[in-house]
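Subject: Structure for your review

Dear colleague,

Please find below the structure that I am handing over to you. My notes on what was found in it follow directly after.

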Amino acid sequence: MNTTNESRKRIPVGDLRGALPKLAVLLALLAALLAWSGVRQWREARLLEQVGQARDRAVEAVQASHAAQVRQFEQRLASAPVKAALATNDTAAAVAALKDGWAGVEHVEILDGALQAAYEDAATFGFSKLALLEEGMQGDGIAARVVKDGKQTAFGMAASTPQGVIYVRLPLTQLTQAFDGVALPGGYLALRQGSYSIKQRGNSGLEDSAERMARAVGKTGLRVATAVPVSEPGPLGLGAIPAMIVAVLLAGLTVVSVLVARGGIRMGGLGKKGAEVSETDEPTLGEALMREPPPPPAGGTRTAPKDEYTQAEAKAVVVDPGIFRAYDIRGIVGQTLSVEVAELIGMAIGSVMRDEDLTDIVVGRDGRLSGPDLVGGLIEGLRKAGRNVIDIGLAPTPVAYFAAYHLRTGSSVAVTGSHNPPDYNGFKIVVGGQTLSGDAITDLYERIRDNRLFVANARGDLQQRDVSADYIQRIADDVQLERPLKVVVDAGNGVAGDIAPQLLEAIGAEVIPLYCDVDGTFPNHHPDPSEPHNLEDLIQTVKRFDADIGLAFDGDGDRLGVVTKEGAIIFPDRLLMLFAADVLERNPGALIIFDVKCTGKLQGWVLRHGGTPMMWKTGHSLIKAKMRETGAELAGEMSGHFFFQERWYGFDDGLYSAARLLEILANRAETPSEVLAELPDGVSTPEIKVAVDEGTPHAIVERFVDGAEFEGARLSTIDGLRADWDDGWGLVRASNTTPILVLRFEADNREALERIKTEFRTRLQALAPELTMTF
């Protein structure tokens, strides 16, 4: 006799009803939690929108104030009294006419164009004021910026005249009054020029994260930065609207539970009051599954568990495969790069990290105007893929690399256009300590193209950190100068201007800043120290200040250029000789890697100093990969990238390289110019660039290599073609970043150099007669 059913426990209806009040309380609490979360997120989103609108109104207001003062100056310069006074060289009358009736003007003076007195004591005169005057003399229009004039901060303007340069000083309120009048509902708002906050409003505790939402004030060099407290996601990652919908549903269930408990609703299957419900009335879940397995989901596919790939929502975003380059991702904003493309790139990077079981990543950006928007899209994509993001804000690329080590993430993305024009931007990516290049970059595009993007059930976290002080401290703890050196630093208005002077002063240098205000329009010259014409202002400034040396950085601070006090440009391959000799003193036999564009004298130099030389392909990611493979202590490229493994982390860092250079020079009894002049030299060219059609440079070089016959030369084809003779060498290779051929030549004398150039030019013209030769 089967007694199983008879022995089953029966549950009184009263017990069920007794449990419902507790369930109702639980449901009510969950509903309240989700409702509160939904309201909070809605308020935070509304605050974000309102603060963004306040920022945009502040941008318009400041731009209008700036334009009004510039227009006032222009009108007065064009007035008859001022023109007449200037024509007769009556500077006192000109100054009086300029000031007459100009409300608020504090000071007007006319200085001679040589600015001799200013340069004799530039620190007292004010570097920012001096830079304004130089800009006013060089340009056709009015130069205007916030300057330090004596002990006060003011709004200054300058314009060139036949007598020299006119300087006008106005109170800062002429610029900031409209900024102060903008209503701010909460959060933080700041008017900034470079790294200096001219005026701040709101919660100053948010100032470190304000750059992410910064907007440029036209082409004034000013920007308005803003921030709101970081919004935390709701329970289970629910947004505002989903959280409120679930809250309403739970509230409904709460009401139903209360009504059932009070007898207002009869429970199905109940008979008269006092009846009992038996567990045997319906099969248990296990019995039901044994009797009839559940049908498969529609289409016969199974639901993906929590950590499997799920397809991202399809978006009509066109992603150009051409932006995925050999070393990084790079394109033109508004054409091939957008916030939507950045978000997809973030999801692709997050998917790669998920495959490698990596969760945390650092994100930084250079000073380009498009940076904040692209960073926002990138971070959104990374968080959708479940990655935790640490946003370090405005930072040179090497500082982003450093942060990946310092914060123990192992991964970073620097949003930067490097040395490209202002409308370019891009992404330099490190995942798990590996700089992505080649096939790894292509894989990111293929993931986007095939919609193989990981979407996490819960968004990743976001936090802001400023690691610049840690970066400076880490270097200053290791590098200190034996004697002070006077150094001119030209950042070309790139992001290095924000940190390079601080770093070099921390190690003991006297720094004279040149174009160190971060300005994504690069108003003074292009931030590319490999082009000699971009170093002209640096050379003149070094001579004016009688400085020991001049240092130049590219747009994102990972490359270094050097000039002597006599105006000589020290090419990076010769700098690498100096670095190699220093490293080999402590590491005999160490491997030193250099790229195919470097001097032919480098190999013998390394050997004579007890090292092992290796020539390799051009490209910062390719060099870093070779260093990891071989354990090299030092590497360098002709473009100005230097990679120190000894005492550093092995990534390319123009700022750290500058510190190591000054350390070497300060340890020597000779002057820096004498030390650098001792390095072996020949007659050489800088990098020569020949423009070609998009997509053709590699094909042209392949044809060049196939038919190459250079009598008496040793040929190397690891990257393009390099031909070495006993008295010199020549190289042609395809750029991996832009549609150009890159050539370089070096020889013992001018005659040998012209012979080698002629050999390459003749063969290249025969192969591609449509090209315009630039050498």
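Which residues does Thr409 touch, not counting residues up to four places away in sequence? They are Asp360, Ile361, Val362, Ile390 and Ala404. Please bear in mind that this is a predicted model.

Thr409 is placed in the loop between α13 (397–406) and β14 (412–415). Its relative accessibility is 8%, and because buried means under 20% relative accessible area, Thr409 counts as buried. The side chain of Thr409 also reaches the backbone oxygen of Ser411, at 2.8 Å.

The protein as a whole

The protein has 775 residues, of which 52% count as buried. It contains 24 helices and 32 strands. Among contacts between residues at least 6 apart in sequence, 67% join residues at least 24 apart.

Leu48 is found in helix α2 (residues 13–77). Is Leu48 buried or partly exposed? With a relative accessible area of 38%, Leu48 is partly exposed. Leaving aside neighbours within four places in sequence, Leu48 is in contact with Met213 and Val228. Leu48 and Ala227 are 179 residues apart in sequence, while their C-alpha atoms are 8.1 Å apart in space.

The contact between α11 and α14

Helix α11 (residues 339–355) and helix α14 (residues 439–449) have axes that come within 9 Å and cross at roughly 110°. That angle makes α11 roughly perpendicular to α14. On the side of α11, the contact is made by Leu344, Ile345, Ala348, Ile349, Ser351, Val352 and Asp355. On the side of α14, Asp443, Leu444, Arg447 and Ile448 take part. Sorted by class, the contact of α11 with α14 has 7 nonpolar, 1 polar and 3 charged residues.

The five-stranded sheet

A further open sheet has 5 strands, in the order β19-β18-β20-β21-β22, and its pairing is mixed. Here β19 (510–514) and β22 (569–570) stand at the edges with a single partner strand each, so one side of each is left without a neighbour in the sheet. Strand β20 (residues 549–553) and strand β21 (residues 560–564) run antiparallel and are joined by 5 bridges. One of the residues concerned is Leu551, whose bridge partner in β21 is Val562. Helix α21 (residues 654–666) lies across β18 (486–490), β20 and β21, running at about 165° to β20.

How many of the 7 residues of strand β31 (residues 728–734) are buried? The count is 7 of the 7, so β31 is largely enclosed by the rest of the structure. Both faces of the strand are covered. On one side Gly728, Gly730, Val732 and Ala734 are buried, and on the other Trp729, Leu731 and Arg733 are buried.

Strand β31 pairs with strand β30 (residues 721–725) in the antiparallel sense over 5 bridges, and a hairpin joins β30 to β31 through 2 residues. In this pairing, Arg722 stands opposite Leu731 in β31. Strand β31 is also joined by 7 bridges to strand β32 (residues 740–747), and the two run antiparallel. There, Gly728 stands opposite Ala747 in β32. Strands β31 and β32 form a hairpin as well, with 5 residues between them.

With kind regards

Definitions and conventions
Residues are numbered from 1 along each chain as its sequence is written. This is a predicted model: local features need pLDDT of at least 70, side-chain atom pairs count only at pLDDT 80 or more; totals for chains, interfaces and linings use all residues. Side-chain values use heavy atoms; hydrogens and water are left out. Two strands pair if DSSP finds at least two bridges between them. Helices (H or I, at least four residues) and strands (E, at least two) are DSSP runs, numbered from the N terminus. Contact means heavy atoms within 4.5 Å. Axes are lines fitted to C-alpha atoms, for helices over the stretch in contact, and angles run from 0 to 180 degrees between N-to-C directions. Buried means under 20% relative accessible area, exposed over 50%, partly exposed in between (1.4 Å probe, protein chains only). A polar contact is a pair of N or O atoms within 3.5 Å; within protein, one must be able to donate a hydrogen and the other to accept it, and residues adjacent in sequence count only if both atoms are side-chain atoms. Angles under 35 degrees count as roughly parallel, over 145 as roughly antiparallel, 65 to 115 as roughly perpendicular and the rest as oblique. Ala, Val, Leu, Ile, Met, Phe, Trp, Tyr, Cys and Pro count as nonpolar, Asp, Glu, Lys and Arg as charged, and the others, Gly among them, as polar.
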